[in-house]
Amino acid sequence: MGVDRRLLRGLPALAGESLSSLELAEAVSQAVAPVVAHDALRLMGNNPDGAGHTVFSFWHNFEAEFGRRFMRSYLAGDDPCLPGDLLRRPMPAGLVGTGNGRRDRSMRQLFDAHGVGGELRVLLRDAHGVWGSLALLRSSGGRTFDTADPMRVLELAPVLIATLRRYVLSGPMQPVAPEQTPGVFVVDGAGKVTGATPMASWWAERLREHHPASWVDALVSGIAAQTRRTLGEPGVQAPVMHCPAARFGRWISAEGQPLDDDGAVAVLVRAVPARELLVSLGSWYGVTARERQVIEHLLDGAAAKHIARGLDMSVHTVNGHLKAVYRKLGVTGRAELLTALNT
């Protein structure tokens with residue numbers, strides 16, 4: 001395409017530096033712009049195996065109220081180009097809001113209200129799964145996206161996946177943020193945040209370091225909407241979001257629990273429990289399923305010989321798995337591993 005790719009190739013290295021979320025988002029936008037021009041950009045990451053719902057994102061040039069309304073709509077499942085929608089297409093990409101369904105019409109109304117001409121969204125997928133998505137927006141009155149733009153963006157998927165992975169891996173395995181008690185937000189059936197414990201307010205301040213203040217309520221009410229939606233789906237668990245230590249100094253999670261029949265939901269924010277954290281570590285750090293089994297036994301306080309007996313393998317093999325885990329996570333041994341897992 002005759003495009004200088006040096007900015008693109010340098011993105012993973014930048015993601016490993018001490019940049020703010022806004023600075024990294026701007027760097028991604030500058031690197032992508034020569035390939036596909038845009039007025040605003042959003043890069044989102046999630047667990048490629050679909051478990052744990054690790055979610056973190058980088059926003060560039062989004063008008064605050066539009067971003068708030070978009071976030072709540074996306075989390076509530078009202079977006080017409082959710083990952084499941086795009087995965088069903090021959091190409092995992094789409095122009096948001098161009099269909100005739102209810103979600104498309106709702107999104108067009110949101111676009112019209114905020115001067116957005118169109119959005120191109122592409123899933124970042126490889127053999128391991130979907131690592132996230134890239135969204136490019138153009139303002140009303142400008143040039144529309146053409147049929148070649150999705151393919152151009154899809155060609156960027158490997159370097160953008162590498163950027164997301166490098167960002168997660170740049171976070172400390174040993175928690176550097178102080179351990180805090182869980183915080184609870186209360187969201188009523190209309191989606192309004194009606195209360196928060198003191199620790200929830202503390203967590204909200206950490207979230208505001210990366211997003212406009214008004215977006216925190218949108219994030220919390222969106223999680224509540226997700227929780228309410230799962231109540232009518234037997235066997236479906238309420239979603240849990242994991243945010244990486246690169247952003248908060250330790251891995252944190254957010255999940256909803258219904259409070260009453262009127263739709264009120266409690267949203268719990270806390271450090272990720274060790275066994276939940278293993279799911280995210282498996283994806284981002286390359287910890288295998290067998291290695292995770294060994295760690296789970298380790299969390300129960302089992303010695304190597306007992307782990308070997310429980311998993312029907314030799315002590316030598318158990319120790320080999322542990323050494324591999326220590327290397328992948330950058331810890332020196334059992335004590336550091338357990339500390340990294342917040343136990």
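Q: A charge sits over a ring if NZ of Lys or CZ of Arg is within 6 Å of the ring centre and within 35 degrees of the ring normal. Which ring does the charged end of R247 sit over?
A: That's the ring of F58, with the charged end of R247 5.0 Å from its centre. Bear in mind that this is a predicted model, where local features need pLDDT of at least 70, side-chain atom pairs need 80 or more, and totals for chains, interfaces and linings use all residues. Residues count from 1 along each chain as its sequence is written, and side-chain values use heavy atoms, leaving out hydrogens and water.

Q: And what lies over the face of W202?
A: R206 does, at 4.6 Å from the ring centre.

Q: Nice. How many aromatic pairs are there in the whole structure?
A: A search finds twelve. Rings of Phe, Tyr and Trp (its six-membered ring) pair if their centres lie within 6.5 Å; planes under 30 degrees apart are stacked, over 60 edge-to-face, the rest tilted. F62 and F66 make a stacked pair, 5.7 Å centre to centre with 20° between the planes.

Q: Are those two buried or exposed?
A: F62 is buried at a relative accessible area of 13%, and F66 is buried at 3%. Buried is under 20%, exposed over 50%, partly exposed in between, using a 1.4 Å probe and protein chains only.

Q: Which aromatic cluster has F62 and F66 in it?
A: One formed by W59, F62, F66, F70, Y74, F111 and W215.

Q: Switching to the tryptophans: why is the W131 and W284 pair edge-to-face?
A: Their ring centres are 5.1 Å apart and the planes stand at 70°, so the pair counts as edge-to-face. W131 belongs to strand 5 (residues 129-139) and W284 to helix 12 (residues 274-285), so the pair ties together parts 153 residues apart in sequence. Helices (H or I, at least four residues) and strands (E, at least two) are DSSP runs numbered from the N terminus. Both W131 and W284 are buried.

Q: How many bridges join strand 8 and strand 9?
A: Four, and strand 9 (residues 252-258) pairs with strand 8 in the antiparallel sense. For M241, the bridge partner in strand 9 is A254.

Note on methods: Two strands pair if DSSP finds at least two bridges between them.
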